[in-house]
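Please view the structure alongside the points below.

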Amino acid sequence: MEWKTHGERQVYTNKWVNLCLVDVQQPDGHRWEYHVVRLRHLAVATVVNDRQEVLMMWRHRFITNSWAWELPMGLVEEGETPEEAAAREVLEETGYQPGPVKSLIYAEPANGITDSQHHVFRIDGATYAGPPTEKNESDRIEWVPLSEVRGMIDRKEIVSSGSLVGLLYLLMDESIR
C-alpha cells in the first residue's frame with residue numbers, strides 16, 4: 001500500500017536539518033500533514049587493520065548525555081561522494097590516513113520520520129598521519145579487537161546506529177574471521 005504525497009512545506013530549515021510538513025494521503029483515503037525531518041546523508045567508516053581490530057572513538061553525545069564508542073563518521077558535504085566523506089572523516093577525526101575504501105552496507109535508520117541515508121564503508125588498513133584535526137570529536141581513539149565488539153554492544157558501550165550497522169555487518173562477514 002503506497003501513500004501519496006500532495007505537497008510539502010518547510011517549517012524550519014538550516015544547513016543541518018529541515019523540518020517539513022508533507023501533505024500525505026494514506027491508502028484508506030485519510031489525508032493529513034506528516035512531520036518529516038530531512039537530513040544530510042552520513043558516511044560511516046569501519047577501518048580494520050591486519051590484527052582484526054577496528055578503529056573506534058570514545059565520545060560524549062550531549063543530546064543523550066551519554067558516552068559510547070563510535071566509528072568515524074560524518075556528513076557528506078556538497079560535491080563530495082560518500083566514499084570521499086568516509087575517508088575525510090577518518091583522517092579528520094582520528095589522524096589516520098585510510099587505506100582503500102569499499103562499500104560495506106547502506107541503511108536508512110529511521111525512514112518513517114527522516115530521509116537520512118547512511119553509507120557505511122569498510123576500509124582495510126590505515127596509517128597514522130598525525131593528531132586529529134577535529135579536536136572536539138572524541139576523548140580517546142583506539143584500535144578495538146573485533147572479538148570484543150559483541151560484548152561492547154551487549155553492555156551498551158556501542159549504541160550509535162551508524163556504528164552498530166557497520167560493526168554488525170562486519171561481524172557477519174565470514175571473510176573477516
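Asp115 and Arg38 form a salt bridge, with 3.1 Å between the closest N and O atoms. The model is a predicted one. Its protein chain falls into two assigned parts, domain 1 (4–38) and domain 2 (42–176).

**Contact between the domains**

- Domain 1 supplies six residues to the contact, and domain 2 supplies five residues.
- The C-alpha centres of domain 1 and domain 2 are 31 Å apart.
- About 450 Å² is buried between domain 1 and domain 2. Carbon and sulfur atoms account for 49% of that area.

**Polar and charged links across the boundary**

- One salt bridge is counted between domain 1 and domain 2.
- Five residue pairs are in polar contact between domain 1 and domain 2, with both residues of a pair at pLDDT 80 or more.
- On the side of domain 1 that touches domain 2, the residues class as four nonpolar, one polar and one charged.

**Surroundings of Glu92**

- Glu92 sits in helix H1, which covers residues 82–94.
- Which residues does Glu92 touch, leaving aside those up to four places away in sequence? They are Pro132, Thr133 and Glu134.
- Glu92 and Pro132 are separated by 40 residues in sequence, while their C-alpha atoms are 5.2 Å apart in space.

**Confidence of the prediction**

- The average pLDDT of the protein chain is 94, and 98% of the residues score at least 70.
- Where in the protein chain is confidence lowest, and where is it highest? The lowest is in helix H3 (residues 161–172), with a mean of 94. The highest is in strand S8 (residues 96–98), at 98.

Conventions:
Residues numbered from 1 in each chain as written. Predicted model: local features only at pLDDT ≥ 70, side-chain atom pairs only at ≥ 80, totals over all residues. Heavy atoms only, no water. Domains from an automatic or database assignment. Contact = heavy atoms within 4.5 Å. Buried area = accessible area lost by both parts, 1.4 Å probe. Salt bridge = Lys/Arg side-chain N within 4 Å of Asp/Glu carboxyl O. Polar contact = N/O pair within 3.5 Å; in protein donor to acceptor, adjacent residues only side chain to side chain. Nonpolar A, V, L, I, M, F, W, Y, C, P; charged D, E, K, R; others polar. pLDDT = per-residue confidence, 0-100. Helix = DSSP H or I, 4+ residues; strand = E, 2+ residues; numbered from the N terminus.
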